[in-house]
Amino acid sequence: MSKKSYRAKPSDGIAFVSGASSGIGRAVVIELAERGYSVAAMARRADDLRELAATRPAQIFAYPGDVRDTAGNRTLIAQIEKDQGPIALAFLNAGLSLHVEREGFDAALVAQTYAVNVQGTANCLDPLLAAMAQRHRGQIAINASLAGYNGLPSSAIYGSSKAALIYMAEALSQMYREAGVTLQVINHGFVRTAMTDQEKDFAQPYKIEPEAAAKIICDGFERGGFEIAFPWQLTALSKFIRALPYAAKFKLMDYAVNRAKKP
Ligand SMILES: NC(=O)c1ccc[n+]([C@@H]2O[C@H](COP(=O)([O-])OP(=O)(O)OC[C@H]3O[C@@H](n4cnc5c(N)ncnc54)[C@H](OP(=O)(O)O)[C@@H]3O)[C@@H](O)[C@H]2O)c1
């Protein structure tokens, strides 16, 4: 029988959150601090991170950085561990969605999106997995999206970057289980942030506030298990559509997309 996978707790070390300057990442930093963690908050906007750290100077620490910088991330994560001790829990959340992708497929937009969502996540994973495997202890959660389940017509670039993250998390969770590192993937629906505020053409059903999302995500860290998915209505619908044969899938997607279009 396989032993239970590791779940971090504040006494094991600090938490690391990428994409912490706004939206879901910022709310998760605050929620983790509420739950007793010291948190290293990372993103590019240094002023926003410092303002966040000032709300709890003994618990939240600003570490400005860019996830696209492979060497810079390795140095940053080593610096965090030197300053604050081992990272027990990492929430890899930095991401972007370029609304302009609706206007047509463009390889430059693929490069821009993948550089943050896929390569940026990999740049954090690399040093974190190495450090955690060496200690034989760590928990890493990757923020993908329900958009990664099915090829949505408005989301060829963003959605496919999230599909890559789901795949990566699935594979790594099996590769690193024996090394004592727990991998989780987070697939959620609409949360009110700067990212979803761009959307004017489609309804965003079951949209929730970032604080509510942060509570569900942090409950998921504590509960363990591979996937943290919400809301259940969109999760069930996405999983159902994913399981259909293509002809039925495309028919149902046409119907759903047309219904979601704003008049
Ligand atoms: N909102 C939703 O409905 C929704 C649904 C599913 C999944 N998600 C995912 O949730 C995550 C957070 O998004 P959000 O909705 O909270 O939007 P957001 O407020 O725009 O947050 C995005 C975060 O990513 C950071 N970021 C972007 N590029 C970066 C880079 N190169 N290096 C470091 N950090 C970078 C941003 O900080 P800086 O600009 O300061 O660098 C910001 O803190 C994303 O991965 C997104 O795909 C969101």
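A: It begins with how elements are named: helices, of at least four residues, and strands, of at least two, are DSSP runs numbered from the N terminus. In this predicted model, Gln233 lies in helix α8, which covers residues 232-243.

Q: Is Gln233 buried or exposed?

A: Burial is judged by counting C-beta atoms within 10 Å of a residue's own, and a residue with 12 or fewer is exposed. Gln233 has 11 C-beta neighbours inside 10 Å and therefore counts as exposed.

Q: How many helices and strands does the protein have, and what are its overall dimensions?

A: The secondary structure comprises 9 helices and 7 strands. The C-alpha trace spans about 55 × 50 × 35 Å along its principal axes. A compact globule of 263 residues would have a radius of gyration near 18 Å, and the protein has 18 Å, so the two agree. Of the 263 residues, 39% count as buried. Considering contacts between residues at least 6 apart in sequence, 66% join residues at least 24 apart.

Q: Why is strand β6 described as largely enclosed?

A: A residue is buried if 20 or more other C-beta atoms lie within 10 Å of its own. In β6 (residues 181-188), 8 of the 8 residues are buried, so the strand is largely enclosed by the rest of the structure.

Q: Which residues of β6 lie on each side?

A: In a regular strand, side chains alternate between the two faces of the sheet. One side of β6 holds Val181, Leu183, Val185 and Asn187, while the other holds Thr182, Gln184, Ile186 and His188; all of these are buried, and both faces are covered.

Q: In which sense, parallel or antiparallel, do β5 and β6 pair?

A: Strand β5 (residues 138-143) pairs with β6 in the parallel sense over 6 bridges, and Ala141 stands opposite Gln184 in β6. Together, β5, helix α5 (residues 156-176) and β6 make a right-handed β-α-β unit. Strand β7 (residues 227-230) also runs parallel to β6, joined to it by 4 bridges; here Val185 stands opposite Glu227 in β7.

Q: Which strands are joined to β1?

A: Strand β4 (residues 87-92) runs parallel to β1 and is joined to it by 4 bridges, with Phe16 opposite Ala90 in β4. Strand β2 (residues 39-42) is likewise parallel to β1 and joined by 4 bridges, with Ser18 opposite Met42 in β2. The chain passes from β1 through α1 to β2 in a right-handed β-α-β crossover.

Q: Which residues come nearest to the ligand?

A: The ligand has 30 residues around it, of which Gly19, Gly23, Arg44, Arg45 and Gly95 come nearest. Two or more residues of this shell are given by each of α1 (23-34), α4 (107-135) and α6 (194-197). By class, the shell has 11 nonpolar, 15 polar and 4 charged residues.

Terms used
Residues are numbered from 1 along each chain as its sequence is written. This is a predicted model: local features need pLDDT of at least 70, side-chain atom pairs count only at pLDDT 80 or more; totals for chains, interfaces and linings use all residues. A residue is near a molecule or strand if its C-beta atom, placed from the backbone, lies within 6 Å of it. Ala, Val, Leu, Ile, Met, Phe, Trp, Tyr, Cys and Pro count as nonpolar, Asp, Glu, Lys and Arg as charged, and the others, Gly among them, as polar. The radius of gyration is taken over C-alpha atoms; the globule rule is 2.2 Å times the number of residues to the power 0.38. Two residues are in contact if their C-beta atoms, placed from the backbone, lie within 7 Å. Two strands pair if DSSP finds at least two bridges between them. A crossover is right-handed if, with the strands pointing away from the viewer, the path from the first strand over the helix to the second runs clockwise.
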